[in-house]
Amino acid sequence: MLQKADIYKKLVNGDVWGEWEGYQLSVSDRFVCIWTPIGTPMHWKPGTWISSKHALAFFFPDEWYTMHIGYHEDGTFASGYCDIILPTPHYTSESRELTYVDLYVDVVIREDGSVYTKDQE
């Protein structure tokens, strides 16, 4: 059985901007991977929505980024997202809560493979 984990995305002022629940995937000792299935409620400061795609989030200890990869029910790529963040603690597959602080610079990969940055202002 996969272990549940709560994920919190915070702003630099300490406010929680987003939170959701995912499942730990033990794929590496070098990073933590969280799977969020289709249908998961995604609680964001502006409102709650239901995830329409599966997602994998990767947390690397002491790094300045986290990666989120979305994919459709058939397994095809939907989107990619890299948050520039404050380095996270050394989370492990035993961690049940993961928090990261967003530094407002994001790189997004669209389904068609094009790339853009957002929030850098």
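Colleague: What kinds of residues make up the lining of the largest pocket?
Modeller: The lining of the largest pocket divides into 13 nonpolar, six polar and five charged residues, where Ala, Val, Leu, Ile, Met, Phe, Trp, Tyr, Cys and Pro count as nonpolar, Asp, Glu, Lys and Arg as charged, and the others, Gly among them, as polar. This is a predicted model, in which local features need pLDDT of at least 70 and side-chain atom pairs count only at pLDDT 80 or more, while totals for chains, interfaces and linings use all residues. Residues are numbered from 1 along each chain as its sequence is written, and side-chain values use heavy atoms, leaving out hydrogens and water.

Colleague: What volume does the largest pocket have, and which residues are closest to its centre?
Modeller: Its volume is about 480 Å³ (the space filled by probe spheres set on grid points joined across faces, edges and corners). Met42, Trp44, Trp49, His68 and Tyr81 are the closest to the centre, out of 24 lining residues. A pocket here is an open set of points on a 1 Å grid over the protein atoms alone where a 1.4 Å probe fits, with protein on both sides within 12 Å along at least five of seven lines, and lining residues have an atom within 4 Å of a point.

Colleague: Which elements give two or more residues to that lining?
Modeller: They are β2 (16–25), β3 (32–36), β4 (41–44), β6 (54–59), β7 (65–71), β8 (77–85) and β9 (97–109), and β8 gives the largest share, four residues. The chain as a whole has 10 strands and zero helices (DSSP runs numbered from the N terminus, strands being E with at least two residues and helices H or I with at least four).

Colleague: What about the second largest pocket?
Modeller: That pocket holds about 180 Å³ of space, and among its 16 lining residues Ser28, Asp29, Tyr91, Thr92 and Ser93 lie nearest its centre. Two or more lining residues come from each of β2 and β3, and by class the lining has eight nonpolar, six polar and two charged residues.

Colleague: Changing topic, what does Ile7 touch?
Modeller: Leaving aside its neighbours within four places in sequence, Ile7 is in contact (heavy atoms within 4.5 Å) with Gly18, Glu19, Trp20, Glu21, Gly22, Ile34, Phe59, Leu98 and Tyr100.

Colleague: And how far does the whole chain span?
Modeller: Along its principal axes, the C-alpha trace of the protein chain spans about 40 × 35 × 30 Å.
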